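These are my notebook entries on a structure I looked up before planning further reading. I record what I looked for and what I found.

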Amino acid sequence: MLKFIKHHMETISGIEIFPLISLVIFFVFFVGLTIYLVKADKKLFNKIANIPLDSKESDHEED
Amino acid sequence: MSDNIEKELSTNQDTFYYDNTIVRNFLIATTVFGVIGMTVGLLVAFQFVWPEANFGLQYTTFGRVRPLHTNAVIFAFVGNGIFAGVYYSLQRLCKARMFSDMLSRIHFWGWQTIILAAAISLPLGLTTGKEYAELEWPIDIAIALVWVIFGVNMFGTILKRRERHLYVAIWFFIATFVTVAMLHIVNSFELPISFMKSYSWYAGVQDALVQWWYGHNAVAFFLTTPYLGLMYYFIPKVSGRPIYSYRLSIVHFWALIFIYIWAGPHHLLYNALPDWAQSLGVVFSVMLIAPSWGGMLNGLLTLRGAWDKVRESATLKFMVVAVTCYGMSTFEGPMMSLKSVNAIAHFTDWIVAHVHVGALGWNGFLTFAMLYYLIPKMYGTKLHSQKLANAHFWIGTLGIIFYALPMYWAGFTQSLMWKQFNPDGTLVYGNFLETVTQIIPMYALRAFSGVLYLAGVFIMVYNLIKTAKAGSFIKEVKAEAAPLLKDYTPAPSEHWHRKMFEWKPMKMLVLSLILVAIGGAIEIIPTFLIESNVPTIASVKPYTPLELNGRDIYVREGCYTCHSQMIRPFRSEVARYDPEDLEYSKAGEFVYDHPFQWGSKRTGPDLHRVGGKYPDSWHFYHMLEPENMSPGSIMPPYPWLFDQNWDKDIIPAKIRAMQTLGVPYAEGYDNQALADADAQAKGISDGLAVEGLKVNPDKEIVALIAYLQRLGTDIKKTNGEAND
């Protein structure tokens, strides 16, 4: 009964590769991101994180 | 690196001025449209309890006003809120005035004009019939243009910045700009047939897939990412401490934009959508919990050690509840996308509760926090009354609770009642209406919650006006910073990724676009190759011209806001909606539906198999006075369909447009279409006359009856064929 929902994609040749491509893209991307973050310079991050706070405006921006 | 810093410091400081006027204008706009959008929301909430609250007018009837509410809240209230926040924070994060005051003004007035056009066209019934993308093609073009102006202004500012590093909030703004542009353009492919009328380029399953890819990611990239940018700016700003973990914010950003774009199909589980796409949607939705909760914790943990400030500051209270609501809805969302949970939640008021936790809590409260923070600053004074702000906070929070709880209750009740069988295999609540009347007290409570929430907003408006009057508006704020060095050479220790992307915003834009485009493409391309992909059903034929016209009336009246056209493959659904043939909805049945009308909420029953279920006279009486046929019904009457004539002049153009879109009408059929429509209308009118009902065949009700009687009958007629 479910065949109308289940089998649409089988008619496209090579469709099995789609989920595989997705997995590979994700795996590579997140491994890369993790490596970058582990190696990243913490001091620099602290500096960037303080950007919203170190405004040099002459009015009462800071309270 | 310290060499570089010294070099930059030694350079002469630039003096420049932040533009506060544009920020204030957007802040006023978000407040005004917040009040309007929520008031319209309250009106539609009351219509669930008292359908006569449509004032007997077609322009204020639910099907037309509900899109007005959603568009007003999303694009006018939140939209203006985004722009206010971006224009304020971007200038300060870049240490630069906005790129062009002229572009800022064009952006502001262009956006307000679009909102005005929406406020006029939606009540007039000028709609594409696609949820959250209802605006017709000229407005779509205007949106694209104004959005590009916003983008140019934003990137111009980023390019002339005096701060080398792009703070993470800016990343979120860039991703928002790029993705919304892509979503809007792809989803808005439509073929105009007249001024303010068009047909979606896509049909049926493709249309549904594109629409929910858009709809889902509009939530992601219009309601979420820009507000996350604001969270990353304003929480540190208001609490006076940097974000808990900048590292986490990087993971949050990349993971969120990478994963979100794939999750769209979870809006179509158990619908006539490929299994593969459904599974993809579920997997990515579950994965979304990680970045979403990472982001929420990052926001909340920023306040560690500063919770005493939360007790004193209403602004921080609003922020804490906003971020908590973000966490709740981003936990709930993935749960709802599990197929077993979705089977219960979909089409019920649970979905409505879910989106309102997000809209009222996350977007609403963060906008209020921003207003309470910025208005006193921009008027050089203190907030008129912290007490009133606290009152607003508590009444607003109560409003959210009183909204969510009854709607959860209503959702579970509906679902349980829809699915309950007697021991003999018949439905316990065979009459759909019983499942509606059961939850009307919940609808009443929901309307009450709207009163609470809106009352809070009025308190805020009063408080802010008093504040503004006590101070004087500071048009420009003087600031100083050193310009960026042209010959800056990054130290070897600096990471390549930073050199490549973070200092190069255009590259960042391109990369974000590629990331979201990969997700979009992998999800959508398979269904574009769909001819071999949606099993065509030989007996499914194009609509007759009169049915097509009736369908346009169905779209115009926004019937999809309460009625689905999608019978899911559950025993409880086929038994209810197609008790004779037990046929659920097949993808192949929708191949001529431009646009698809599957709907997302069942306040009334599904209509996909309503064709032939009742005689024409039943529909006639029912549309005239629903309560006569279904006592207790909360459907409003549609008397104007009995006065207005269906549009004959445009029929040939409609047929030609459909031919362009690939609907197989015979060559030259556009010349014959009107005669066919007249003949079919006369047949229906004559049939009604036999039952003593006099109706002119030119009236809209005749066309609508023709469409309703056609719905889902292609398969019924040839019961075996669908199964082979």
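Entry 1: overall form of chain B. What radius of gyration does chain B have, and does a compact globule of 724 residues come out near it or far from it? I found 27 Å for chain B, and the rule for a compact globule of 724 residues gives a value near 27 Å, which agrees. I note at the outset that this is a predicted model. Along its principal axes, the C-alpha trace of chain B spans about 90 × 50 × 50 Å. I counted 27 helices and 4 strands in chain B. Of its 724 residues, 56% count as buried. I also looked at contacts in chain B between residues at least 6 apart in sequence, and 83% of these join residues at least 24 apart.

Entry 2: confidence. The mean pLDDT of chain B is 90, with 92% of its residues at 70 or more. For the complex, the predictor gives an ipTM of 0.78 and a pTM of 0.91. Over residues 718-724 of chain B, pLDDT stays under 50, and the model has 9 contacts beyond four places in sequence for this stretch. Where pLDDT is low, the predicted coordinates should not be read in detail.

Entry 3: chain A. I found 3 helices and 0 strands here, and from the N terminus on the elements run α-α-α. Buried residues make up 11% of the 63 residues in chain A.

Entry 4: helix α20 of chain B. I checked the span of this helix, residues 545-556. At 1.5 Å a residue, its 12 residues should span 16 Å, and its end C-alpha atoms are 17 Å apart, which agrees. I then asked how many residues of α20(B) are buried. The count is 11 of the 12, so α20(B) is largely enclosed by the rest of the structure. Among the buried residues are Leu546(B), Leu548(B), Ile553(B), Tyr554(B) and Val555(B), and also Glu547(B), Arg551(B) and Asp552(B). The cover over the buried residues includes α24 (651-660), α25 (669-690) and α26 (700-710) of chain B. Just after α20(B), Gly558(B) takes a positive phi of about 65°.

Entry 5: helices α14 and α15 of chain B. Helix α14 (residues 349-378) packs against helix α15 (residues 386-419) at an angle of about 170°, with the axes 7 Å apart. An angle over 145 degrees counts as roughly antiparallel, and α14(B) is therefore roughly antiparallel to α15(B). The residues making this contact include Trp350(B), His356(B), Phe365(B) and Tyr372(B) of α14(B), and Gly396(B), Gly399(B), Tyr403(B) and Phe412(B) of α15(B).

Entry 6: helices α3 and α4 of chain B. The axes of α3 (residues 62-94) and α4 (residues 101-121) come within 10 Å and cross at roughly 170°. That makes α3(B) roughly antiparallel to α4(B). Among the contact residues I listed Asn71(B), Phe75(B) and Tyr87(B) of α3(B), with Trp111(B), Ile115(B) and Ala118(B) of α4(B).

Entry 7: Ala118(B). Is Ala118(B) buried or exposed? Ala118(B) has 23 other C-beta atoms within 10 Å, and 20 or more count as buried, so it is buried. Leaving aside neighbours within four places in sequence, Ala118(B) is in contact with Asn71(B), Leu135(B) and Ile139(B). I also recorded that Ala118(B) and Trp147(B) are 29 residues apart in sequence and 16 Å apart in space, C-alpha to C-alpha.

Technical notes:
Residues numbered from 1 in each chain as written. Chains lettered and ligands numbered in written order. Predicted model: local features only at pLDDT ≥ 70, side-chain atom pairs only at ≥ 80, totals over all residues. Helix = DSSP H or I, 4+ residues; strand = E, 2+ residues; numbered from the N terminus. Expected span 1.5 Å × (residues − 1). Contact = placed C-beta atoms within 7 Å. pLDDT = per-residue confidence, 0-100. Rg over C-alpha atoms; globule rule 2.2 N^0.38 Å. Axes fitted to C-alpha atoms, helices over the stretch in contact; angles between N-to-C directions. Parallel < 35°, antiparallel > 145°, perpendicular 65-115°, else oblique.
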